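Reader: I would like to go through some of the terms used for this protein. Please set each value against its definition.

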Amino acid sequence: MFLDLREEGDSINSIGRGLDNAIEERLKSERFQTELITNVSHDIKTPLTSIINYVDLLKKERPSGEKVKEYLEVLDRQSQRLKKLLQDLLDASKASTGNVELHMEKVDVGVLLNQTIGEFEEKLKATGIDLKIKTPSAAPHIMADSRYLWRVFDNLMNNICKYGQEGTRAYINLEVRDAKVDISFLNTSKAKS
């Protein structure tokens, strides 16, 4: 009987060592992935910054010709979009490892929400989505990192414009419940389920 218990114990210990090794390998893989993303992002950031700077210089030269101006606007818009995507990739990489540095401050969440919504007026009009907003008369203040909170709102509004059914309504509700702020974004998806 003792031999059977010893064999069972050895098997359990072997499983434990296997789990430890698997966890260690997984952590190494995640660290490698994060380092790779960070390094590639930095390598891309250098030429991107150069492109953005040269576009700015060309715009200051006041180019003649509508086509040239149009091309510069496209270059400017797309390089800024690429810069934002690159920053999102870096932030996602940091978030996956828990290395996000937050700068908490008192934020008027209603003002931040309305500023974000204001930036999407043209996109909403183009899609025919009617936005209905419900907020309390006195918007609450919360402790948050306003940059990241704005990015959450921005992402949700982008999703409404990209994936919302044209000609429908979308709802944004900001409520205070039990001393907590509840914000919801609701829309009808154009994807068929």
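Reader: What makes Ile129, Leu131, Met157, Ile160 and Cys161 contacts of Leu124?

Author: Contact means heavy atoms within 4.5 Å. Leaving aside neighbours within four places in sequence, Leu124 is in contact with Ile129, Leu131, Met157, Ile160 and Cys161. This is a predicted model, in which local features need pLDDT of at least 70 and side-chain atom pairs count only at pLDDT 80 or more, while totals for chains, interfaces and linings use all residues. Residues are numbered from 1 along each chain as its sequence is written, and side-chain values use heavy atoms, with hydrogens and water left out.

Reader: Which residues touch the most other members of the largest nonpolar core?

Author: Leu124 and Met157 do, in a core of 19 residues. A nonpolar core is a set of buried Ala, Val, Leu, Ile, Met, Phe, Trp, Tyr and Cys residues joined through side-chain atoms within 4.5 Å. Helix 5 (146-163) is among the elements that give two or more residues to this core, and helix 5 gives the most, with five. Helices (H or I, at least four residues) and strands (E, at least two) are DSSP runs, numbered from the N terminus.

Reader: Why is Asn158 called buried?

Author: Buried means under 20% relative accessible area, exposed over 50%, and partly exposed in between (1.4 Å probe, protein chains only). Asn158 has 18% relative accessibility, so Asn158 counts as buried. Asn158 is found in helix 5 and touches Phe120 and Lys123, not counting residues up to four places away in sequence.

Reader: What makes Asp154 and Lys84 a salt bridge?

Author: A salt bridge is a side-chain nitrogen of Lys or Arg within 4 Å of a carboxyl oxygen of Asp or Glu. The closest N and O atoms of Asp154 and Lys84 are 3.4 Å apart, so the pair meets the rule. Asp154 in helix 5 and Lys84 in helix 2 are 70 residues apart, and the pair links distant parts of the chain. Asp154 is buried, at 6%, while Lys84 is partly exposed, at 36%.

Reader: Why are strand 4 and strand 5 said to pair?

Author: Two strands pair if DSSP finds at least two bridges between them. Strand 4 and strand 5 have eight, in the antiparallel sense, so they pair. Arg177 stands opposite Lys180 in strand 5.
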